[in-house]
Amino acid sequence: MRKYYVDNIRWIIILLLVPYHAAMAWNVWGEPNYICFESNKIISSIVVFFSPYFMPLMFFIAGISTRFALQKRTVGQYVSERAKKILIPFIFGTMLLMPPMTYIADKFNCGYQGDFFQHYAVFFTHFTDLTGADGGFSVGQFWFILYLFLISLIAVGIIILQRKIMHLKDIDIPLVLIFLWGLPLPLFSELLSTGGKSLVEYTYIFLVGYYIFSNDDVINKVEKWKWIFLCIGITATVFNVYMFIWSETQQTLLNTIAKYVSEWFMLNSLLGIGKRYLDFSGKISKYMSKRSYTFYIFHFVWVVLFQYLLFNVYNANIILLYVLPVLFAYGTTLLCCEICNRVSFFSFLR
């Protein structure tokens, strides 16, 4: 039986990436971005509120989905499907969508005077911090797709090895062990990390999703304790936002603890809430589930474009400068989804 809550959690997260990425333009910690406005603590708090668990949750449910996928496919079929589904969109996004984003970044942040086509040479020859904020080469938001492919290959290797050594059976896992699975996260966070995105941490989360949270007994326990987990997760999340954004004194250890408590308990609580309230299929859920991947591919370029176009019009009104690009980006991204869904040439982006 299909786990509809996994699909629904995925597309809801992806929809929320629009306001999340729009808010990055106001970040107060100096992270390079395609559009950089004056720092704003309130809007920056949106980013910090979601950042501990947003992308980890994507890898978490990818691991769960892989468990079910490998029940229907051979390893070879799974790897072939991953290559077609991930590598081709990754190349498309990097080659065709990232140059416009870095062109806008170069014009807005660095005063670039050349035209769009001249900037292609800059994109493919200028290698700096790989953020793209200075017009140089970047894979941008497609880091997630690249990581997902690499992690899928790593996970398949581990799964093949595990199957040769032992046959695992679903067993009853005590609640305390669900807590303990989150303890290694801080240890892995700096391993093979690029721009704060650890390949080791995300691989671990993927495998925990595959081996532990695809177990119905575990999911039922998480569902039962979802509100307790959510209270702990929200408390840690708010504390993390306060320590990172608003506190006058720097408490690195407390901030780090809050971040990883937020990450683990929000992962569990949102999975439990999804199991309880999102395990259904309807017109909207079917529509968005089929288009969520395409939505992810196109959403950020529209956020950047509308922020750039509307800056001179609404630069004195922060609320409109934040809200309008978000609304316009939703509309144009869904339009791109419809075009890709109806035009067979773009089937590789579905």
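Tutor: Let us begin with a single side chain, bearing in mind that this is a predicted model. Leaving out residues up to four places away in sequence, Phe144 touches Met55, Met58, Phe59 and Tyr296.

Student: Which residues touch the most other members of the largest nonpolar core?

Tutor: The largest nonpolar core holds 96 residues, and those that touch the most other members are Phe59, Phe60, Phe144, Ile145, Phe213 and Leu271. Helix 3, residues 54–72, gives the most to this core, with 11 residues.

Student: How should I describe two helices that pack against each other, for example helix 4 and helix 5?

Tutor: In general, a packed pair of helices is described by the angle between the two axes and by the distance between those axes. Here, helix 4 (residues 75–110) and helix 5 pack at an angle of about 105 degrees, and their axes are 9 Å apart. Because angles of 65 to 115 degrees count as roughly perpendicular, helix 4 is roughly perpendicular to helix 5. On the side of helix 4 the contact is made by Thr94, Met95, Leu96, Met98, Pro99, Pro100, Thr102, Tyr103 and Asp106, while helix 5 brings Phe116, His119, Tyr120, Val122, Phe123 and Phe124. Sorted by class, this contact of helix 4 with helix 5 has 11 nonpolar, 3 polar and 1 charged residues.

Student: Taking Thr94 from that contact, is this residue buried or exposed, and what does it touch?

Tutor: Thr94, which lies in helix 4, has a relative accessible area of 3% and is therefore buried, the cut-off for buried being under 20%. A polar atom of the Thr94 side chain lies 2.8 Å from the backbone oxygen of Phe90. Not counting residues up to four places away in sequence, Thr94 touches Pro99, Phe123, Phe137, Ser138, Val139 and Phe142.

Student: And Phe116, on the side of helix 5: why does this residue count as partly exposed?

Tutor: Phe116 lies in helix 5, residues 116–125, and counts as partly exposed because its relative accessibility is 22%, whereas buried would require a value under 20%. Apart from neighbours within four places in sequence, Phe116 is in contact with Pro99, Pro100 and Tyr103. For a sense of distance along the model, the C-alpha atoms of Phe116 and Tyr4 are separated by 43 Å, with the two residues 112 places apart along the chain.

Student: Which residues of helix 10 are buried, and what covers them?

Tutor: In helix 10, residues 216–224, the buried residues are Val218, Ile219, Lys221, Val222 and Glu223. Their cover includes helix 1 (4–23), helix 7 (175–180), helix 11 (226–246) and helix 12 (252–277). At the start of helix 10, a side-chain oxygen of Asn215 also reaches to within 2.8 Å of the backbone nitrogen of Asp217.

Student: At what angle do helix 10 and helix 12 pack?

Tutor: The angle between helix 10 and helix 12 is about 95 degrees, and their axes are 8 Å apart, so the two helices are roughly perpendicular to each other. Ile219, Asn220, Val222 and Glu223 in helix 10 meet Asn268, Leu271, Gly272, Lys275 and Arg276 in helix 12. The residues of this contact divide into 3 nonpolar, 3 polar and 3 charged.

Note on methods
Residues are numbered from 1 along each chain as its sequence is written. This is a predicted model: local features need pLDDT of at least 70, side-chain atom pairs count only at pLDDT 80 or more; totals for chains, interfaces and linings use all residues. Side-chain values use heavy atoms; hydrogens and water are left out. Helices (H or I, at least four residues) and strands (E, at least two) are DSSP runs, numbered from the N terminus. Buried means under 20% relative accessible area, exposed over 50%, partly exposed in between (1.4 Å probe, protein chains only). Contact means heavy atoms within 4.5 Å. A polar contact is a pair of N or O atoms within 3.5 Å; within protein, one must be able to donate a hydrogen and the other to accept it, and residues adjacent in sequence count only if both atoms are side-chain atoms. Axes are lines fitted to C-alpha atoms, for helices over the stretch in contact, and angles run from 0 to 180 degrees between N-to-C directions. Angles under 35 degrees count as roughly parallel, over 145 as roughly antiparallel, 65 to 115 as roughly perpendicular and the rest as oblique. Ala, Val, Leu, Ile, Met, Phe, Trp, Tyr, Cys and Pro count as nonpolar, Asp, Glu, Lys and Arg as charged, and the others, Gly among them, as polar. A nonpolar core is a set of buried Ala, Val, Leu, Ile, Met, Phe, Trp, Tyr and Cys residues joined through side-chain atoms within 4.5 Å.
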